[in-house]
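Hi,

Here is the structure I said I would pass on. Have a look at it first, and then read my notes below.

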Amino acid sequence: MADTKKNEESAIKKILSMNGASVFIAMIVVAILFEIIIQITRGFPGGLVFLAPSNLGQILRQQLYTGIIAFGMTLVMITGNIDLSVGNQLTFLCCICALFMMNTDNAFCGIVGTLAVGALCGLVNGVLVAYVKLNSFIASLGMSSVYGALALMASAGSVLVIPNDCSAAFQWFGTASFGPISILIIWFILVALVLGFLLSKTVYGKQMYVIGSNPVAARFSGIRFKRNIAIAYLILGLCCALAAVVTMANVKSSNPQAASGKEMEVILCVVLGGCAVEGGKGSVWGTIIGVLFYGVLLSGFTMLNLPLYMRWVVMGLIMVFVLSLDALEGKGIKLWKKKQ
């Protein structure tokens with residue numbers, strides 16, 4: 001009996017020690033609390049409301065775009081850097097995609113052209129951080145203003161609308177479905193699998209963790225850290241471009257200020273997933289949990305009719321709390337003692 005109990009405890013500890021496990025459990029608890037509160041405030045309407053399959057499916061669909069960008073941000077933050085330009089970068093790339101489709105009505109031009117521009121945007125950010133050696137916060141903040149201005153210039157300050165009868169191949173890229181599975185879910189899973197494999201199974205991925213955890217050692221160990229950081233930003237640019245293409249294939253219109261502030265959502269998802277801001281820690285699996293947790297919070301606040309400013313207050317407090325725990329852990333400070 002003692003051995004069985006000991007094995008059970010070790011199994012539980014092993015599960016809880018997995019990256020993202022604690023956040024996953026917290027997400028389930030928060031979802032149940034939202035369901036209870038909504039049931040009480042609505043007078044027990046009968047049947048599930050927040051935990052209804054239709055609402056959970058809606059949460060997933062709404063977070064697919066953010067999740068694709070968050071996967072790219074995970075790579076950048078593992079190196080100890082950050083990109084505050086992804087919001088305006090997404091807006092700019094949506095405008096570029098709309099212009100390609102409005103002027104050519106060619107799916108190949110619209111998709112490949114947008115991906116190429118996204119890769120270029122990411123590479124510019126990467127060169128500024130890795131080779132010019134600008135602080136990533138300052139460099140990406142400055143480029144955010146540049147991309148925002150470029151979006152206004154490309155759209156002439158107005159909403160760009162792709163005709164409803166545009167290329168069927170382009171629409172398929174963002175609206176196709178295979179039975180109950182939307183192609184958006186397939187893009188989400190595909191990006192997660194590719195970047196997850198890149199981080200966990202390749203030399204490049206292992207070097208990214210070394211760069212983030214000990215940049216000095218990375219320099220003296222022969223790791224081409226400048227190139228690796230630039231590639232991380234390039235991949236993030238491609239993720240932004242993919243999110244822009246699937247967005248335009250669905251909504252077919254681009255507001256030059258629509259995605260302003262998106263960077264905070266993306267960073268919050270990555271941080272909730274256990275990625276350390278100082279670098280060297282994080283995973284794609286953790287980011288998936290962070291994306292879903294953010295979606296649960298957002299949906300719950302919407303159902304409870306919480307004012308927009310209050311949502312951002314709560315989100316900001318959650319981010320500060322998670323970052324504080326991470327900072328304390330990095331200094332060896334624990335808020336509770338383990339039983340001996």
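Throughout, contact (or touching) means heavy atoms within 4.5 Å. This is a predicted model, so local features need pLDDT of at least 70 and side-chain atom pairs count only at pLDDT 80 or more, while totals for chains, interfaces and linings use all residues. Residues are numbered from 1 along each chain as its sequence is written, and side-chain values use heavy atoms, with hydrogens and water left out.

The overall picture

The chain comes to 14 helices and 4 strands; helices (H or I, at least four residues) and strands (E, at least two) are DSSP runs, numbered from the N terminus. Of its 340 residues, 46% are buried. Buried here means under 20% relative accessible area, with exposed over 50% and partly exposed in between (1.4 Å probe, protein chains only). Among the contacts with a separation of 6 or more, 76% are between residues 24 or more positions apart.

The core and helix α11

The largest nonpolar core has 95 residues, and the members touching the most others are Ile69, Phe71, Met73, Phe170 and Leu195. Helix α11 gives the most to this core, with 16 residues. By nonpolar core I mean a set of buried Ala, Val, Leu, Ile, Met, Phe, Trp, Tyr and Cys residues joined through side-chain atoms within 4.5 Å.

Which residues does asparagine 228 touch, not counting those up to four places away in sequence? They are Tyr204, Gln207, Met208, Ile211 and Ile223. Asparagine 228 lies in α11, which covers residues 225–251, and it counts as buried because its relative accessibility is 0%.

Two packed helices are described by the angle between their axes and the distance between the axes. Axes are lines fitted to C-alpha atoms, for helices over the stretch in contact, and angles run from 0 to 180 degrees between N-to-C directions. Angles under 35 degrees count as roughly parallel, over 145 as roughly antiparallel, 65 to 115 as roughly perpendicular and the rest as oblique.

- α3 packs on α11 at about 175°, with the axes 8 Å apart, so the two are roughly antiparallel. On the α3 side the residues involved include Tyr65, Ile68, Ile69 and Met73, and they meet an α11 set that includes Ala232, Leu236, Cys239 and Ala243.
- α7 (residues 168–175) packs on α11 at about 110°, with the axes 7 Å apart, so this pair is roughly perpendicular. Phe170, Gln171, Phe173, Gly174 and Thr175 in α7 meet Leu242, Val245, Val246, Met248, Ala249 and Asn250 in α11.

Aromatic pairs

How many aromatic pairs does a search of the whole structure find? It finds 6. Rings of Phe, Tyr and Trp (its six-membered ring) pair if their centres lie within 6.5 Å; planes under 30 degrees apart count as stacked, over 60 as edge-to-face and the rest as tilted.

One of them joins phenylalanine 34 and phenylalanine 50, which are tilted at 45° between the planes and 5.3 Å centre to centre. Phenylalanine 34 is in α2 (residues 21–41) and phenylalanine 50 in the loop between α2 and α3 (53–78), so the pair ties together parts 16 residues apart in sequence. Phenylalanine 34 is buried at 7% relative accessible area, and phenylalanine 50 at 0%.

Another, phenylalanine 92 with tyrosine 147, is stacked: 6.2 Å centre to centre, 15° between the planes. This one ties together parts 55 residues apart, because phenylalanine 92 lies in α4 (residues 86–104) and tyrosine 147 in α6 (residues 136–155). Both residues are buried.

Phe34 and Phe50 also belong to a cluster with Phe301, linked by ring pairs. Methionine 303, in α13 (residues 284–303), touches Ile38, Arg42, Val49, Phe50 and Asn55, not counting residues up to four places away in sequence. Methionine 303 and phenylalanine 50 are 253 residues apart in sequence but 8.1 Å apart in space, C-alpha to C-alpha.

The salt bridge

The count comes to 1 salt bridge, meaning a side-chain nitrogen of Lys or Arg within 4 Å of a carboxyl oxygen of Asp or Glu. Glutamate 265 and lysine 262 form a salt bridge at 3.4 Å, N to O. Both lie in α12 (residues 262–272), 3 residues apart, about one turn of the helix. Glutamate 265 is buried at 17%, and lysine 262 at 18%.

Cheers
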